[in-house]
Amino acid sequence: MPETTPKGLTGLAFGGDYNPEQWPESVWQEDVRLMREAGVTMVSVGIFSWALLEPAPGVHDFGWLDRIIDLLHENGIRVDLATPTAAPPVWFYREHPEALPVTADGVRYEFGSRAAICHSNADYRAAAADIATRLAERYGDHPALAMWHVHNEYGVPVSACYCESCAAHFRRWLETTYSTIDAVNEAWGTAFWGQRYAAFDDINPPRTTPTVGNPGQALDYRRFADATMRENFRMERDILHRLAPGVPVTTNFMTALSQCDSVDYWAWGREVDLVTNDHYLITDGRRTHVNLAMAADLTRSVAGGAPWILLEHSTSGVNWQPRNPAKAPGQMARNSLGHVARGSEGAMFFQWRQSRRGAEKFHSSMVPHGGTDTRVWREVVELGASLDSLSPIRGTRTEADVAVLWDWHSWWAQNLAWRPSEDHDPRERADAFYEALYDRHLTVDFAHPEADLSRYPMVVVPALYLMTEAAGNNLRTYVENGGTLVVSYFSGIVDASDAVHEGAYPGALRDVLGLTVEEFSPLLQGEHVRITGPDGSELGGDVWTEFVEPRGAETVWTYADGLTAGRPAVTRHRLGEGTAWYVSTRLGAEGLDALLGWAAEDARLAPRAGLLRDVEVVRRSGERGSYLFAINHTATDAKVPLDTSGTELLTGERAAGRLAVPAGAVRVVRLDG
């Protein structure tokens, strides 16, 4: 079995992307001296270095990489060594221009950015295999090597190419997936608009058409593009496994729904030896720490609950958003330890030393342009000491209270053209439900709709337009066995091919919810509806309403106005030993809190008393003990109730009864017993 932790790393991972090739060698000694001062334990090297490692076809120069890896080793710093296959050199594109990807409009991209790759191109695959082989042969037994880092952020900025190589590859993929052309025609519903195919050779990628194309074809092309990138990852991974046995292989994910929508991370999580993730705050006015927590929970879930590593985030501001504010004092530590609380075995950054040139020269780093006499550097050194003191948590696992179901295939299908309302955004619903659970101080696992859910008292379905029959049966069994299910509108509508389930909506969920939906009735922009409870209380909804017909479910809240006035808005269905809730409009924060409060009572989830909003409390437990993380995102000192005494690891102080967490601070208690 491959190793699942960085080889030779005895503490938590702390460091970042190190790009020594951007600097004269006279700077390298200063770099490693500062790394030691900051407590750096591991750096990622070589991610974009192909042009230096192979400056001309078949001509290799590993001398500079030998020297830097040896220098890092001499200073006790582990190396996450990359294969540089996200950035082929310009000479490669001169010889193989067809390796540049083509858009659906037929435009071929130019060299000059990053990750401009047609993943179906045979010449690219051969060149990637060659450079990965040479790196493995040279460094596979180097004592500094902790793990391999294949490529960089698959799916960003290009996942799908529409060239002739991809067309041929897509046909082969379809033949492997469906076996017969008749099966493709059935899955895609090509009888509609006379799109029937007589042979696989008739099929092209879903290039630009005069009006909306076939949705089944478009959905399968998303799957094909993702699978093709995964093929290339496996090719490199298998080379590294063969030539460097015992060294784990990873690639850096971007699981946050705000950052990447082209990769099925459930599938990718099964391919890597160790899950790693990159996360950057999206400064769009939202509570950024909630998005961070959600991304960390999703990454841990992709890892099957096992520890993972935050491989990139930022010390302060980034440079690629419309507005890039600096992080507030202490925010870097809160961000870093928030990921650690939710399962990461460390915190690493892009990048070590801030670049003077290139597209990301204004992206913050561990060593900023201002050097060591800066707030950022002082906070970096402080964070390194904090992570060192948290080494005992290694190997423990984050404890979750509830599950949220998520499926990238459903997201892809939902976002295809011509749906009932462009205002319904599955990511928005996932964010909103997650935030409501976060505000109830519940820690979330994400789960695939067909996964075993038996250990969760409550399961939430914020947006699963696409749901297989197997997933529907899974949820029915979950409720019958005593689970509490909460489902939001427009879920369970189509099967894996984007075909509407036979019968009334919501096909895959009719039985478990005890209702049918006669018709969707999306609202116009700016329209709202009122819904009322049996006690006369009132909530508001927007974007969506439905004509719901209970078939065993009880009506809890009713539409008070609009086309659906007098119809059920929120229902509750007792099935077997459990309960299934359904909400057929888009509730705001107040409504979601009320809905989840009712469901939590059914699930016997006791409210977390004594915790302030935006004071985050998470537990990690394992053979090494149980640890409580308390992160205060507010400007007010807080007290967190403790059910047992313990030792606070960052200050060394004893804690009992109530843990004091100063404004903007983090505390981590190793609990007694």
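Close-up 1. Pro 506 is found in the loop that runs between strand E14 (484–488) and helix H16 (510–513). In this predicted model, the peptide bond leading from Tyr 505 into Pro 506 is cis, with omega near -10 degrees.

**Close-up 2. Two further loops with backbone features.** Between strand E9 (344–349) and helix H12 (375–389) lies a loop that contains Gln 351. A cis peptide bond joins Phe 350 to Gln 351, and its omega is about -5 degrees. Although Trp 418 is not a glycine, its phi is positive, at about 65 degrees.

**Close-up 3. The packing of helices H10 and H14.** Two packed helices are described by the angle between their axes and the distance between the axes. For H10 and helix H14 (residues 426–439), the angle is about 100 degrees and the axes are 10 Å apart. An angle of 65 to 115 degrees counts as roughly perpendicular, and H10 and H14 are therefore roughly perpendicular to each other. On the H10 side, the contact is made by His 289, Val 290, Asn 291, Ala 293, Met 294 and Asp 297. These residues meet Arg 427, Ala 430, Asp 431, Tyr 434, Glu 435 and Tyr 438 in H14. Sorted by class, the contact of H10 with H14 comprises six nonpolar, two polar and four charged residues.

**Close-up 4. The second largest pocket and its lining.** This pocket has a volume of about 350 Å³. Its lining consists of 20 residues, of which Ser 301, Gly 304, Gly 305, Phe 446 and Arg 455 lie nearest the centre. At least two lining residues are supplied by each of helix H9 (265–269), helix H10 (288–302), strand E10 (397–398) and strand E12 (444–447). Six nonpolar, seven polar and seven charged residues make up the lining of the second largest pocket.

Close-up 5. Strands of a sheet pair through backbone hydrogen bonds, either parallel or antiparallel. Here the strand order is E10-E23-E24-E29-E26-E27, and the pairing is antiparallel. E10 and strand E27 (654–655) stand at the edges with a single partner strand each, so one side of each is left without a neighbour in the sheet. Within the sheet, strand E26 (residues 646–648) and strand E29 (residues 666–671) run antiparallel and are joined by three bridges. Gly 646 is placed opposite Leu 671 in E29. Strand E10 of this sheet is also one of the elements that supply residues to the lining of the second largest pocket.

**Close-up 6. The open sheet of 10 strands.** The order of the strands is E12-E11-E13-E14-E21-E20-E19-E16-E17-E22, and their pairing is mixed. E12 and strand E22 (586–587) are the edge strands, each pairing on one side only. Four bridges connect strand E19 (residues 554–559) with strand E20 (residues 568–575), and the two run antiparallel. Thr 555 stands opposite Thr 571 in E20. The edge strand E12 likewise contributes at least two residues to the lining of the second largest pocket.

Methods: Residues are numbered from 1 along each chain as its sequence is written. This is a predicted model: local features need pLDDT of at least 70, side-chain atom pairs count only at pLDDT 80 or more; totals for chains, interfaces and linings use all residues. Side-chain values use heavy atoms; hydrogens and water are left out. On a 1 Å grid over the protein atoms alone, a cavity is a set of points where a 1.4 Å probe fits but cannot get out, and a pocket is an open set with protein on both sides within 12 Å along at least five of seven lines; lining residues have an atom within 4 Å of a point. Grid points are joined across faces, edges and corners, and a volume is the space filled by probe spheres set on the points. Ala, Val, Leu, Ile, Met, Phe, Trp, Tyr, Cys and Pro count as nonpolar, Asp, Glu, Lys and Arg as charged, and the others, Gly among them, as polar. Two strands pair if DSSP finds at least two bridges between them. Axes are lines fitted to C-alpha atoms, for helices over the stretch in contact, and angles run from 0 to 180 degrees between N-to-C directions. Angles under 35 degrees count as roughly parallel, over 145 as roughly antiparallel, 65 to 115 as roughly perpendicular and the rest as oblique. Contact means heavy atoms within 4.5 Å.
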